[in-house]
Amino acid sequence: MKRLIQNGTIITASDTYKADLLIEGETIAQIGQQLAVQGVDEIIDASGCFVFPGGIDPHTHLDMPFGGTVTKDDFETGTIAAAYGGTTTIIDFCLTEKEKPLHTAIEAWHKKAAGKAAIDYGFHLMIGEINEAVLNELPAIVSTEGISSFKVFMAYKHVFQADDATLFETLTKAKELGALVMVHAENGDVIDYLTKQALKEGKTAPIYHALTRPVEAEGEATGRACQLASLAQSQLYVVHVTCQEAVQQIAEARKQGADIWGETCPQYLVLDESMLRKPGFEGAKYVWSPPLREKQHQDALWKALKTGTLQTIGSDQCSFDFAGQKDLGVNDFTKIPNGGPIIEDRFSLLYSEGVAKGRIGLNEFVDLVSTRAAKLFGLYPKKGCIAVGADADIVLFDPQAERVLSARTHHLAVDYSAFEGMRVKGTPRTVLSRGKVIVRDQTYVGTPGEGAFLKRARYGELWTNDLVGQR
C-alpha cells in the first residue's frame, strides 16, 4: 500500500520542518512539500501534530519469570500497550541459566514473542557465567542471531549476580565481537548484607527495599563497571541510572575518553522514595531495582539528559499485579517481585515532563526516546529516524492533548498504574509500524504477531564515527 502523511511537522534528532511523507509498503519512499497524491491508497492528515520516528524502548522485561512468579504482561499485552504509547520497537532481556547453553534461552524467548508481538523487537542476552562453552557460543550469537548486546547483573546475589571476573571477561569478549555490554550496576554483596540486617531487626515494610539499596551501592558499582570497561578498552552501557552518584561516575569516565553510555527511566525522573512509604502495603507497587531515590536526584538526572551524560530512556517495563503478585512480600519486602508497569507511558512522560516543561528540546526528545538507542543497538538507520529508505515507523503526536494516567484507561494487563492520577500533556494519536497503521486515533487496529524479530548490527558497525563524535 501507499500512504501519504500530510500537514504535519517532522521532528528528528537534528531537524524540525514541515513536509509530507510518502510511504510505500514498509518504508519511507519520499519526503517533500506537497507530494503528489496520485495512486495513494490512504491519506493521513497530521494537522496540528508532530511527526516523530517511532519510539525505541531498549529495556523491557515481558513474560519474564522472577521471584517465584511471572510478569503480568507478555509480548502481546506489553507490545500493544507500547504501541498505544508511541513505541514501535522494543529490545527485551533474554535471561539465561547457568550450565545451560545460551541458545536454550534464546529459543525460549523466541517462543514467548512468536505470534504475540504487535511491534518489532530484538533481544539482549544475559551473561551469568563465562566458560569455554559460553565463549564458543557467543560469536554465532552476534553474527548469526543478530544479538549484539550482553547484559551482566552486578546485583541480585544468588540469583543473577555475576562476579567481577565474569564482567571483565564479558567486556573483553564483547570488544572482540563488536557487542555492547550492559550492566545493572548495584553492589549486590553490600545489598545482601544490608538486607539480612534489616530482616534481622524486623524491618519488613516496602520502604526497606530502598533503604537497603543506598545510592552509594549504585555509585560504587557504576564506578567499578566503568573502570573495568576502561581497563578492557571495551564499551559499556549502564542501565536504569537513578542517582547523582552514578551520574558522576559515568561523567568522569566519559571525560577520560571511555566508551561509556547511560540510560535512565521515566519513573526516576518523576517519582521519588516517598512512594514506598505509602500507608499499608501500597508502597509495594513502587518496589523495583534500583529503587526510587530522594527527590533531589531528579534534578541530577534531568541535567545529565540535557548535557548528554545520559543518552537514552528505557522503561524497565516489568509489571506484576499488586493483588496476587506484589503481595507475596506482605510480611517480607525481599519477597516483593521487583518491577513496575512503565512501557505505555515512557514516551508521553518524557515529552510532558521534558519538552512541555522546557527541560529538553524537541530534537533532544527524539534522540533520547528513539534515535540514540537505534544507533547504540545496531538498528540505525532502518529505525530511529525519518529518512528515505527507513522503516516507516511513525508517530503522529498531538502536543496539545492532555490525559490523566490511570489503570482504568491504560492497556496493560497489570492491575495498577505507577503514575495513577498524573496529568500529562501530549499524546500519540496515530502510530504506524513498518508502514501499517496499528493505532488509529488512539484505537489499536493492528494484529498481535505482526511484529518482526530484528537482527541487529554489531556495535558501531555502521555509525562508529558518529558515535565517537558524540562521546
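Is arginine 213 buried or exposed? In this predicted model, arginine 213 counts as buried because its relative accessibility is 8%, and buried means under 20%.

Arginine 213 is found in the loop between helix H6 (207–211) and helix H7 (215–232). Its side chain has a polar contact of 2.9 Å with that of glutamate 186, and another of 3.5 Å with that of serine 289. The charged end of arginine 213 sits over the ring of tyrosine 156, 5.4 Å from its centre.

Tyrosine 156 is itself buried, with a relative accessible area of 15%. The structure holds 22 aromatic pairs, and two of them are listed here.

| Ring pair | Distance of centres | Angle of planes | Type |
|---|---|---|---|
| Phenylalanine 66 and tyrosine 156 | 5.6 Å | 75 degrees | edge-to-face |
| Tyrosine 286 and tryptophan 288 | 6.1 Å | 70 degrees | edge-to-face |

Phenylalanine 66 lies in strand S7 (residues 65–66), and tyrosine 156 in the loop between strand S11 (149–153) and helix H4 (164–177), so this pair links parts of the chain 90 residues apart. Phenylalanine 66 counts as buried at 12% relative accessibility, and both tyrosine 286 and tryptophan 288 are buried. Elsewhere, ring pairs link Phe50, Phe52, Phe347, Tyr351, Phe365 and Phe397 into a cluster. Lysine 151 lies over the face of phenylalanine 93, at 4.1 Å from the ring centre.

Threonine 204 is found in the loop between helix H5 (188–200) and H6. With a relative accessible area of 28%, threonine 204 is partly exposed. Among the residues it touches are Asn331, Asp332 and Phe333. Threonine 204 and threonine 334 are 130 residues apart in sequence, and their C-alpha atoms are 8.0 Å apart in space.

Definitions and conventions: Residues are numbered from 1 along each chain as its sequence is written. This is a predicted model: local features need pLDDT of at least 70, side-chain atom pairs count only at pLDDT 80 or more; totals for chains, interfaces and linings use all residues. Side-chain values use heavy atoms; hydrogens and water are left out. Helices (H or I, at least four residues) and strands (E, at least two) are DSSP runs, numbered from the N terminus. Buried means under 20% relative accessible area, exposed over 50%, partly exposed in between (1.4 Å probe, protein chains only). A polar contact is a pair of N or O atoms within 3.5 Å; within protein, one must be able to donate a hydrogen and the other to accept it, and residues adjacent in sequence count only if both atoms are side-chain atoms. Contact means heavy atoms within 4.5 Å. Rings of Phe, Tyr and Trp (its six-membered ring) pair if their centres lie within 6.5 Å; planes under 30 degrees apart count as stacked, over 60 as edge-to-face and the rest as tilted. A charge sits over a ring if NZ of Lys or CZ of Arg is within 6 Å of the ring centre and within 35 degrees of the ring normal. Lists of a residue's contacts leave out its neighbours within four places in sequence.
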